[in-house]
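This report covers selected local features of one chain. It takes up salt bridges, then strands and helices, then backbone details.

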Amino acid sequence: MMMTESDTRAKLIDPGLHACGWTEDLIKREESAGAIEIIDGKPRKQSIGRIDYTLRIKVNDSAQPVAVALIEAKAEHLPPAHGLEQAKLYASSCKRLNIPFVFSSNGHLFVEYDKFTGLTAAQRPISQFPSPTELRTRYEKGMGFSLESPIARPLLMRYSGGEATRRYYQDAAIRAVFEKIARGEKRALLSLATGAGKTFIAVNILKRIADAGQLRRALFICDRDELRAQGLGAFQNVFGSDAAEVYRKPDGKNNASNARIHVATYQTLDVDTDEADASFLIQNYPVDYFSHIVIDECHRSAWGKWSQVLTRNPNAIQVGLTATPRQLEITEDSKESKADAEVSADNIRHFGEPVYEYDMSQGIEDGFLAACEIIRQDIFFDDKPQNEQESGIEKTDLQGKDVTDALTGESLSVQEVRPRYEAESFEYKLLLPERVKAMSENLFEHFIAAGTPEQKTIIFCACDQHAGNVASAMNNLYAEWCAKSNRPRMEPYAFKCTAASGGSDYLPDLRGGSRHHFVATTVDLLSTGVDVPCVRNIVFFKYVRSPIAFYQMIGRGTRLHPPTGKLMFRVYDYTTATRLFGKKFTTRPTSVSKGTTGDGPAEHTILVEGFDVKVNDAGRYIVTMVDGKAMPVTVEEYKEKLAVKLVAEAATLDKFRTIWIKPSDRREFLSKLPDAGRSPMLIRALEEMNDYDLYDVLAELGYGLAPKTRLERADAFTYKNAPWLSSMPQPAAATLTAIASQFSRGGTDGIENPQVFRTPEVTKAGGLSALKALGKPADVLQQTKERIFAL
């Protein structure tokens, strides 16, 4: 029988790579969360995500490995180039993994694509695979710097919380920034979809620069108080009191004056408008005060007064973060579109092209962002055959209708109105109560068809008064529905959430209230900088011309929310706003979907290693102790918590392996892990890794080791130690091979069991007496165990 891809990797590729110098610590398994698909209006998450194997190089044992290559394994019977075009797409077109070399192999031959040269080499035997030293040399030459140079040191700093704390694309983005800095450049731009974890990236960029001894003082700047609060919490989790919020204290002094990480908004620096005088910035921060500056959501402001933050720190490393795709499809000749084009051009001119991009479509495909379903609607007036965008409203259309001044309430004659109103002015220049009522009724019908109207929703409206009118209409519809359904009303249901109405006060209720504050009607307040993962619907009742603003609005729905079973969100588009996605965005436009998604799929509780693990379609979360209370956390968060503790107790893979080999040290080590040491067994069960020893489960979590099954590790012992085994008497070699085979059955515990010498395989091979020819059996067994876990 021909080997499958996994067999080819374990039995042919892995031994071939090892023979060329690629030890286990230089191979990393990168895994996505599992794609989310929408089937018949319901989201379904694939249980297993895409798995990529990257090859990494290390300068020394304590350094962070740097990914340089992707290797694609193909079944033994396929040609080695099979799948290489897909791998090239990963590496070059999408820059998904940010690596320069791509290999494809069937275990006997391999083919290589070099992104630096653009050349695909002829197939060669696996025995000629380039060594880590060779790939490092080629990587350094192509990048234009040496990994030994001081300016490249941030690349070599480890993640402080272990490798389980980051996702593959976050690592790719961070490396891309460091690689540009290592080439001697001081500015870098990252483009990542809302919900992809830009704050995590910012924190880890500055942390690793600090660990490299190159951070003097840093500024993290954003344009919303809520973004500042989120950023401050993330930075203080890592830097402690060395991170502080920037504001003027009652005595006039800067609250952050003694901190290394300054977290500010444009407003606190007095640079938020062209009319602002930048007084706080100038008074508190001399020229070149900061060595590093990170600008969050740099797409939100035109290149105006706030640029002083950058120009007054010309020697600082400056990193811009944006959620706006680099290639905005601006096809409309509007004031907003022109302004967006100017902002994008300013960013590119200052920072250069993005060094890494991760868009919403990729996030959905990877399962890290909620799937998006678009439902488009058209609006018609009276009996017109054209929709409102095509027809507008002519003065003659208003004959026989009540026309009043929206501010004074006074009646107006038809002669006092404009000759024509375009659709973009509806509800802003021209209030249309019947339009509000019809659109609200249609939206409410969609909610009912989707299972329940009690879904967290944001409706974007044209102006403050329009937002109030829509909230009233939705509340009336909800009250009528409750009365007809004989259900108690969950109030408040719909509410106006605008700046003019003090909407910020309602954000905690929108975010946290599960039985009230369902529908928020807003203008711009909720368009940016507000994290509400439970939002299931984004609704456009307003006309949007700005692509940047549109992506920000859509971003309010992209986050997953496992506690409520949220895997997808719907966009109800009444104003063709989704045209701003552009042609490259792919989604599933549908009519009203059937099925129930309102409160998420029904849960059931299963018992795994003594934990209550709640399972639903949106993912899994574990009930564990958080600050003295039993709280549900996602499996991903739990793995991060475990990884942080792992690297705190054993900083390097070598240290971890040394502890693991000695039973007493291993027991003490495991007892210090979360939940009394049961956490590794829980993760093994949840990740369906029962064929793996706990050593491999933990080594992947904390140190990025590509895990091997117990059988693969036992087989690897044979090919890795062939010279050693061939140097000893045949009975002794056969006995050690038989002992290693016991690892495939019982793992670490299996080879430490005193009865291992009495197993039929070991006895038949020669047993204890055969090992005595090598010295003390206990010493030989210890050496064998060390070699089983050797790299």
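Glu-422 is partly exposed, with a relative accessibility of 38%. The model is a predicted one, and in it Glu-422 forms a salt bridge with Arg-420, the closest N and O atoms being 2.7 Å apart. Arg-420 is partly exposed as well, at 26% relative accessibility. Elsewhere, salt bridges with shared partners link Lys-28, Glu-30, Arg-56, Glu-163, Arg-166, Asp-171 and Arg-175 into one network.

**Salt bridges**

The structure holds 49 salt bridges.

| Pair | Distance |
|---|---|
| Arg-349 and Asp-346 | 2.3 Å |
| Arg-420 and Glu-422 | 2.7 Å |
| Glu-700 and Arg-29 | 3.0 Å |

Arg-349 and Asp-346 both belong to helix H9 (residues 335-351), where they are three residues apart and thus separated by about one helical turn.

Glu-700 is buried, with a relative accessible area of 15%, and Arg-29 is buried, with a value of 10%.

**Helix H20**

How many residues of helix H20 are buried? The count is 10 of the 10 residues in 694-703, so the helix is largely enclosed by the rest of the structure. Among the buried residues are Asp-696 and Glu-700, along with Leu-694, Val-697, Leu-698 and Leu-701. Tyr-695 and Tyr-703 are also on the list of buried residues. After H20 comes Gly-704, with a positive phi near 75°.

Strand E24 (residues 568-573) is mostly covered, with six of its six residues buried. Which residues lie on each of its faces? Met-568, Arg-570 and Tyr-572 are on one side, and Phe-569, Val-571 and Asp-573 are on the other; all are buried, and both faces are covered.

E24 runs parallel to strand E17 (residues 371-376), to which six bridges join it. Ile-538 stands opposite Val-571 of E24. From E23 the chain passes through helix H15 (residues 547-554) to reach E24, in a right-handed β-α-β crossover.

**Backbone details**

The loop between helix H13 (464-485) and strand E21 (494-496) contains Pro-492. A cis peptide bond joins Glu-491 to Pro-492, with omega at about -5°. Asn-486 lies in the loop between H13 and E21. Although Asn-486 is not a glycine, its phi is positive, about 55°.

His-517 is another residue other than glycine with a positive phi, near 55°. His-517 is found in the loop between helix H14 (507-512) and strand E22 (519-522). Is each of these two residues buried or exposed? Asn-486 is exposed, with a relative accessible area of 73%, whereas His-517 is buried, with a relative accessible area of 8%.

Notes:
Residues are numbered from 1 along each chain as its sequence is written. This is a predicted model: local features need pLDDT of at least 70, side-chain atom pairs count only at pLDDT 80 or more; totals for chains, interfaces and linings use all residues. Side-chain values use heavy atoms; hydrogens and water are left out. Helices (H or I, at least four residues) and strands (E, at least two) are DSSP runs, numbered from the N terminus. Buried means under 20% relative accessible area, exposed over 50%, partly exposed in between (1.4 Å probe, protein chains only). Two strands pair if DSSP finds at least two bridges between them. A crossover is right-handed if, with the strands pointing away from the viewer, the path from the first strand over the helix to the second runs clockwise. A salt bridge is a side-chain nitrogen of Lys or Arg within 4 Å of a carboxyl oxygen of Asp or Glu.
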